[in-house]
Amino acid sequence: MDAISVIRAKRDRGELTDPQIDWVIDAYTRGEVADEQMSALAMAILLNGMTAREISRWTDAMIRSGERMDFSPLGVPTADKHSTGGVGDKITLPLAPLVAACGAAVPQLSGRGLGHTGGTLDKLESIPGWRALLSNEEMLAVLRSAGAVICAAGDGLAPADKKLYALRDVTGTVEAIPLIASSIMSKKIAEGTGALVLDVKVGSGAFMKNLDDARELARTMVGLGRSAGVATVALLTDMSTPLGLTAGNALEVRESVEVLAGGGPADVVELTLALAREMLAAAGVHGKDPADALRDGSAMDHWRRMITAQGGDPDAPLPVAREQHVVPAPATGVLTALDAYAVGVTAWRLGAGRARKEDPVQAGAGVELHAKPGDTVTAGQPLLTLHTDTPERLPYALEALEGAVTVAPAGTAFTPAPIVLDRIG
Ligand code: URA
């Protein structure tokens, strides 16, 4: 077997055989296939696609490149959620302890933000003392004591995907449905969850800009999960405007705690409850309703136990950025658009995100929204507050907001998009 014949086969629109796929993933993980060869193959896959059989075998080969975790010693059904990434998407924070409070265990392996989308681990690291890196034994211990754990995936889990994702990120080959689906599902299947709910984001702030592409990605991932024995469903959800009223690390932790305390923005509560109900149903747990667990404080109890078990202080004040800058509403009328991608880039430029994997993030930086699409605004009222420790970044951050806000004349009929756009499963 050699890399050039595998690249040529896909370049010429052929179907890769099982032995070709197994070999190329294994050889790439071991360093025998060079980055430039894998880049050429990834580009050929992006341009020419893969059949369902090829995607399934590719996913399986990436799982076999590393370890598989096993939570059966817990003796409790397990459920996990994966979001394809968005702006202000803090849902994992209230969701994991909420589902734990309703009787399923939640082993949530999460990532860091790159580009305009935030990362769950960066958000939680704004809580003083909280640790993202746990050994497998520590992860199991937190799951036993708190019912939920949110931590970084260890190096042993799908190492082929770690290498390939970093390569795709710098070769313009991220946006290929076969590669996105196999990347996400190899990690989730290797993680060993019994049930999985996928939150496939659609809109300007998401990878998938339109519903048809999002449906294809969702169907591909649901098919991969089910054939691996994981009860998998997908919700397609709106990412044309940020979720909730905050985008940025500590700002989003604050909003998540509001949801756990029974308050919080309506869209965050609605999506958290919808995903929690799907996770519990997929795991076969039919006990408490998640809305009751938010009301009676049990979800908050699980949050506090989970944060404490990972070294964090749930009562410590959250970091606040040194500088605030208010952006006023440009006109009086109905806010009809507040673009998710623009807000995500603004938060990133303010210091909430990173340009390279090794960059630090500012815990307090980000964007606070004072209105959502559908609200009536008055010219000059505060529309956004920008938070940063480095005010010299403000002009560059403000540039990202150009064209992001649309205000229609007062009285214009406007109905914001629903949060849940479709369900696949
Ligand atoms: N998230 C992943 O883990 N992989 C992708 O390819 C895209 C998003």
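Modeller: Glu-368 forms a salt bridge with Arg-254, with 3.5 Å between the closest N and O atoms; a salt bridge is a side-chain nitrogen of Lys or Arg within 4 Å of a carboxyl oxygen of Asp or Glu. This is a predicted model, in which local features need pLDDT of at least 70 and side-chain atom pairs pLDDT 80 or more, while totals for chains, interfaces and linings use all residues. Residues are numbered from 1 along each chain as its sequence is written, and side-chain values use heavy atoms, without hydrogens and water.

Biologist: How many salt bridges are there between domain 2 and domain 3?

Modeller: The count is three.

Biologist: What area is buried between domain 2 and domain 3?

Modeller: About 1900 Å², of which carbon and sulfur atoms give 57%; this is the accessible area (1.4 Å probe) lost on putting the two parts together, summed over both. In domain 2, His-116, Leu-245 and Leu-251 lose the most area to domain 3, together 25% of what that side buries.

Biologist: Changing topic, is Lys-201 buried or exposed?

Modeller: Lys-201 is buried, at a relative accessible area of 0%, where buried means under 20% (1.4 Å probe, protein chains only).

Biologist: Which residues does the Lys-201 side chain touch, among them Thr-237?

Modeller: Contact means heavy atoms within 4.5 Å. Not counting residues up to four places away in sequence, Lys-201 touches residues including Asp-89, Met-208, Thr-237 and Leu-271.

How values were computed: Buried < 20%, exposed > 50% of the residue type's maximum accessible area, 1.4 Å probe, protein only.
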